[in-house]
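Open the model in your viewer and keep the selection panel at hand. The stops below go from the whole chain to single residues.

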Amino acid sequence: MHQASNVKNDFSALKNVNYLDSAGAGLPPLRVLEAMNKLTEDWGLNGEKWEEWLMNVVELRSEFGGLINASRDEIGVVPSVSVGLAALASSFSFKDKKVVVSELNFPTNVILWQRMKESGLIKKVEVLKQKDGIIPVESYRKAIDENTALVSIDYVSWFSGARENVREVAEIAHKNGAYLLVDAFHALSVIPVDVKKDGIDMLASGFYKWLCGPHGIACIYMDNELLKDRSPAYIGWHGIKDNVIERILAGRDPFDIPFPLDMATPSATAARFEWGTWSPVVVKGALEALRYTKGKGIESRYQSISRLKKKLMEGLQDIGANIITPDEGLNPGAGIVTFAVKNQSEFVTELKKRKIIVSGRFKHVRVSPHFYNTQDDIDDFLIQSKSIGF
Ligand SMILES: Cc1ncc(COP(=O)(O)O)c(C=O)c1O
């Protein structure tokens, strides 16, 4: 039986719309909403349970670490992918070196580095150009040299849906003494990711897309070895050594002694990239989303998403769409299929009137089925798209 038939009831929105926009924002399972509501009610009835809620941050680090094969101490919980990437970037200074990025990255993962260059913190940013929706590995081989300090790529492109050959890029980067940073927002919960096997030194991902969690939260990963000598340029009270969470974990009162004000020693763990207080409701939602995802089995998930993607691409080809997502044979991709349209706003609005939800992006339409979608959802989308025309 298709996996989606078993899970449709977990997502209220699927009763109302044909939702094909998980690359924009995934649907929240009932279990996630219930957990968030319960915490909100408890907050209203009893007030803040600060120390208890901080332990959800610790659990989230562990659960996220488990998802990508990292340890709890290698994970930090931050307010967004953009903040997480900036926190990681602030632990580097490459005044005489360059950073290599891809034009298929989400804008944050390019703009951040351009700004560092403009501020004199990086010598050069090399933005690799796509060809048919892919950055060929050859382009990485040419661009990455001994003057490269860091390579920063998106595991799966938010736009073309292509999947980077992360292991090969990691090998090229490491051979040249450069680090690899990966934004895995469109990979996690679609394909299995193992930071150790993939050779990823740093990673960031949010929760509100394929992980079906809330907005306003993300996790970062930094490899243990790198943590020994990379500290952020900016730090908050949750990032210091002997911070409140470390005190509670040691069985102490979080305010037993004052925090030193004559220095700022970072935590030995990736907590050093965490700055201020988290939203407890959002942390709880992210935790439940991770548990839900893990409970559904990630290994088999890509197979069902991949079947939907194949049907979608074949169907779009049949009705004459100009698809920019590479064929699976050329690049395995993940859950995103993008094709050109004359007027994206009109196309997306017309589909919305017919209760089909997709995203418009720069004269293109992005369709992103998740494990909760069915073959019928794809048929419905294809029939309606054909009747609208491109
Ligand atoms: C790959 C990728 N990274 C980052 C972001 C933005 O994340 P945040 O808003 O948490 O900074 C997006 C948003 O669409 C994205 O697609």
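Here is the tour, stop by stop.

**Before you start**

This is a predicted model: local features need pLDDT of at least 70, side-chain atom pairs count only at pLDDT 80 or more, and totals for chains, interfaces and linings use all residues. Residues are numbered from 1 along each chain as its sequence is written.

**Stop 1: the two domains**

Colour residues 3-23 + 298-388 as domain 1 and 50-293 as domain 2. These bounds come from an automatic or database domain assignment. The C-alpha centres of the two domains lie 29 Å apart. The contact between them takes 20 residues from domain 1 and 19 residues from domain 2. Two residues are in contact if their C-beta atoms, placed from the backbone, lie within 7 Å.

Now look at the side of domain 1 that touches domain 2. The elements giving two or more residues to that side are α12 (298-318) and β9 (337-340). Helices (H or I, at least four residues) and strands (E, at least two) are DSSP runs, numbered from the N terminus. The largest share, five residues, comes from α12. By class, this side of domain 1 has ten nonpolar, seven polar and three charged residues. Ala, Val, Leu, Ile, Met, Phe, Trp, Tyr, Cys and Pro count as nonpolar, Asp, Glu, Lys and Arg as charged, and the others, Gly among them, as polar.

**Stop 2: strand β6**

Select residues 179-183. Five of the five residues of this strand, β6, are buried, so it is largely enclosed by the rest of the structure. A residue is buried if 20 or more other C-beta atoms lie within 10 Å of its own, exposed if 12 or fewer, and partly exposed in between; C-beta atoms are placed from the backbone.

Which residues point which way from β6? Tyr179, Leu181 and Asp183 point one way, and Leu180 and Val182 the other way.

Two strands pair if DSSP finds at least two bridges between them. Strand β5 (residues 148-154) pairs with β6 in the parallel sense over five bridges. Find Ile153: its bridge partner in β6 is Val182. Follow the chain from β5 through helix α7 (residues 166-175) to β6; this β-α-β crossover is right-handed. That is, with the strands pointing away from the viewer, the path from the first strand over the helix to the second runs clockwise.

Strand β7 (residues 202-206) also pairs with β6 in the parallel sense, over three bridges. Here Leu181 stands opposite Met202.

**Stop 3: around the ligand**

The residues around the ligand are Ser80, Val81, Ser82, Phe106, Thr108, Asp154, Trp158, Asp183, Phe185, His186, Gly206 and Ala218. Each has its C-beta atom, placed from the backbone, within 6 Å of the ligand. The shell has five nonpolar, five polar and two charged residues.

**Stop 4: helix α4**

Select residues 81-89. Seven of the nine residues of helix α4 are buried, so it is largely enclosed by the rest of the structure. The buried ones are Val81, Gly84, Leu85, Ala86, Ala87, Leu88 and Ala89. What covers them includes β2 (75-78), α5 (108-118), β6, β7 and β8 (218-222).

**Stop 5: β3, α5 and β4**

Keep α5 on screen. With β3 and β4, α5 makes a right-handed β-α-β unit. Six bridges join strand β3 (residues 94-102) to strand β4 (residues 122-128), and the two run parallel. Val99 has Val125 as its bridge partner in β4.

**Stop 6: a three-stranded sheet**

Return to β9. An open sheet of three strands has the order β9-β12-β11, with antiparallel pairing. The edge strands are β9 and β11 (359-360), each pairing on one side only. Two bridges join β11 to strand β12 (residues 364-367). Ser359 stands opposite Arg366 in β12.

**Stop 7: two loop residues**

Select His370, in the loop between β12 and α14 (375-388). Is His370 buried or exposed? With 26 other C-beta atoms within 10 Å, His370 is buried. Not counting residues up to four places away in sequence, His370 touches Ser22, Gly26, Trp210, Ile305 and Gly335.

Finish at Ile240, in the loop between α9 (224-227) and α10 (244-249). Ile240 counts as partly exposed, with 19 C-beta neighbours inside 10 Å. Leaving aside neighbours within four places in sequence, Ile240 is in contact with Ile235, Phe259, Ala264, Thr265, Pro266 and Ser267.
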